[in-house]
Amino acid sequence: MIDIQNLTYTYPNRAEPALNQLTFKIEKGEWVAVIGHNGSGKSTLAKLLTGLLTTETGQIKINDLIINEENIFEIRNLVGMVFQNPDNQFVGATVEDDVAFGLENRQIERPEMKTRVKEALGRVGMLEFAKREPAHLSGGQKQRVALASALVIEPQVLILDEATAMLDPKGRREMIDLVRALKIELGAELTVISITHDIDEAAHADRVIVINDGQLIEKGQPAQVFNNAAKLIELGLNVPFAEQLKAKLAQRGVKVPQTYETTDGMVNWLWQSISKQ
Amino acid sequence: MFSKILIGRYLPGNSLIHRLDPRVKLVLSIAFIFMIFLATNWPGYLLATAMTLLVVNLTRLGLGVFIRGVRPLIFLMLFTTLLQVLFVTTGHVWWAWGWLKITTDGLVNGGAIFIRFMLIIMFSTVLTLTTPPLDIADALETLLRPLQKVKVPVAELALMVSIALRFVPTLLDEAEMIINAQRARGVLFNEGNLIKRAKAFIPVLIPLFINAIKRAIELGDAMEVRGYRGDVERSKYRLQTWQRIDTWAVLVFIIFAILLFNFYFVF
């Protein structure tokens with residue numbers, strides 16, 4: 001559904017390209033996590049996918065529509081995005097105004113706007129905050145509003161550009177749970193691309209793509225990617241808690257499973273190995 | 001530090017004044033500022049004060065909120081009053097020292113200026129306290145719409161105003177944070193002469209400007225992703241409806257204006 005071919009992008013006045021010959025595909029309805037250290041080109045990728053940046057070298061196709069300057073507004077009907085900073089993407093003076101902003105831009109009639117705003121706010125559990133102002137909301141609540149604002153235009157692709165980076169652990173967990181619930185509800189209707197530092201967020205994805213210095217290093221299921229913990233650490237990335245535990249146990253000479261385990265899997269394995277003794 | 005400033009803040013409520021059409025509130029507030037100059041004698045001032053107190057009372061926010069709103073400007077008000085008292089030299093002289101004289105006219109003028117200031121500030125805070133910023137921006141847009149004929153970009157201006165208003169609390173919070181951060185690094189804000197004090201604000205202003213520009217870039221991106229294009233007419237989520245109370249408000253104000261005119265000519 002999203003087809004990225006030889007995507008290269010160099011910022012003006014920079015010698016090194018931010019993205020270098022990136023090629024991969026994302027299927028319809030998939031949840032893909034893009035991970036990489038700071039400055040690896042993740043956010044550049046997000047900007048290219050929404051047409052905020054355009055490039056001559058390589059191409060991105062969404063639903064057979066090549067992203068370029070002519071069809072940029074068609075692309076934006078397909079793609080919704082949640083940015084990192086909860087404050088800087090809040091356009092409206094109140095929650096409902098902010099959610100309605102995208103609909104106003106598309107000249108949707110007022111009665112329809114009303115129902116869609118309500119529906120979108122209901123989805124993210126912010127309906128009772130509809131009349132509130134951003135100054136009276138927590139960071140997590142603002143990000144949920146941003147999510148509603150992105151969903152209200154009924155996009156087929158939802159991009160989360162480090163959407164949980166500025167939240168506290170609770171807000172982060174709530175946000176991930178929310179996206180997960182949405183993904184279950186909408187199923188194949190929604191493709192999620194989450195660009196993140198947060199390894200738990202990545203562990204929930206169907207597929208993980210690792211980018212380093214603008215190049216694709218690895219792609220595969222979380223189990224497959226995180227199994228290669230040593231390499232990830234070498235790239236300056238975190239690994240899931242279970243993998244960290246495995247590494248620490250291995251250091252102490254405990255024989256640990258070679259396959260990737262989730263936290264629950266690790267708990268089971270510990271139970272088993274203890275009860276065997 | 002800035003939380004005391006009420007200018008541009010909106011306090012939610014459901015009073016009569018809260019429910020008034022923002023267009024009415026905006027026009028009447030501006031009209032009031034002009035009308036106040038018609039009050040030149042005690043019945044006029046009494047009427048204007050009564051009108052202001054009535055409106056303030058109708059907001060159901062309590063007089064205290066408004067007095068706190070006036071407080072940051074009290075120095076300016078007292079300063080102008082003092083100038084009037086000391087430099088109006090007509091009328092009966094009560095007290096003189098060298099070329100300084102306090103006269104009856106001076107006191108009357110000073111008092112008048114003080115009351116005018118007070119009433120204008122209170123009346124205009126009614127508008128901002130009871131109307132969400134976006135409503136004010138919408139009202140401005142509707143009222144300025146005729147200017148579209150002479151190629152004034154009214155919709156863009158209205159959006160600019162609404163975003164500016166929306167960022168007032170955000171930027172105030174940020175300014176406070178930067179001030180505290182610089183204080184922690186040893187910048188003294190309340191010491192030294194005027195030049196030293198002004199210089200102390202440089203490490204506040206520069207990060208504030210840079211952050212504002214960063215914010216603007218990110219906000220622009222977020223707006224674009226959500227399909228904003230400047231050249232296309234947008235539909236409106238907010239609807240301004242004229243209700244019966246709006247008609248009443250206008251009528252009451254007209255009666256007030258006629259009375260004030262009367263006092264102006266009669267006394």
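Across the interface of chain B and chain A there are 6 salt bridges, a salt bridge being a side-chain nitrogen of Lys or Arg within 4 Å of a carboxyl oxygen of Asp or Glu. This is a predicted model, in which local features need pLDDT of at least 70 and side-chain atom pairs count only at pLDDT 80 or more, while totals for chains, interfaces and linings use all residues. Residues are numbered from 1 along each chain as its sequence is written, chains are lettered from A in the order in which they are written, and side-chain values use heavy atoms, with hydrogens and water left out.

**The interface of chain B and chain A**

- One salt bridge joins the side chains of Arg166(B) and Asp87(A), at 3.8 Å from N to O.
- On the side of chain B that touches chain A, the elements giving two or more residues are helix H8 (154-184) and helix H10 (202-225) of chain B, and the largest share, 8 residues, comes from H10(B); helices here are DSSP runs of H or I with at least four residues, and strands are runs of E with at least two.
- The contact, meaning heavy atoms within 4.5 Å, takes 28 residues from chain B and 37 residues from chain A.
- About 3200 Å² is buried between the two chains, with carbon and sulfur atoms giving 54%; buried area is the accessible area (1.4 Å probe) that two parts lose on being put together, summed over both.

**The sheet of chain A**

- An open sheet of 6 strands in chain A has the order S6-S7-S8-S3-S9-S10 with mixed pairing, where two strands pair if DSSP finds at least two bridges between them.
- Its edge strands, each pairing on one side only, are S6 (79-82) and S10 (215-220) of chain A.
- Strand S3 (residues 31-35) of chain A runs parallel to strand S8 (residues 191-196) of chain A, joined by 5 bridges, and Val34(A) has Ile195(A) in S8(A) as its bridge partner.

**A link within chain A**

- Glu162(A) and Lys42(A) meet through their side chains in a salt bridge of 3.7 Å, N to O.
- This pair links distant parts of the chain, 120 residues apart, with Glu162(A) in the loop between S7 and helix H6 (169-186) of chain A and Lys42(A) in helix H1 (residues 42-49) of chain A.
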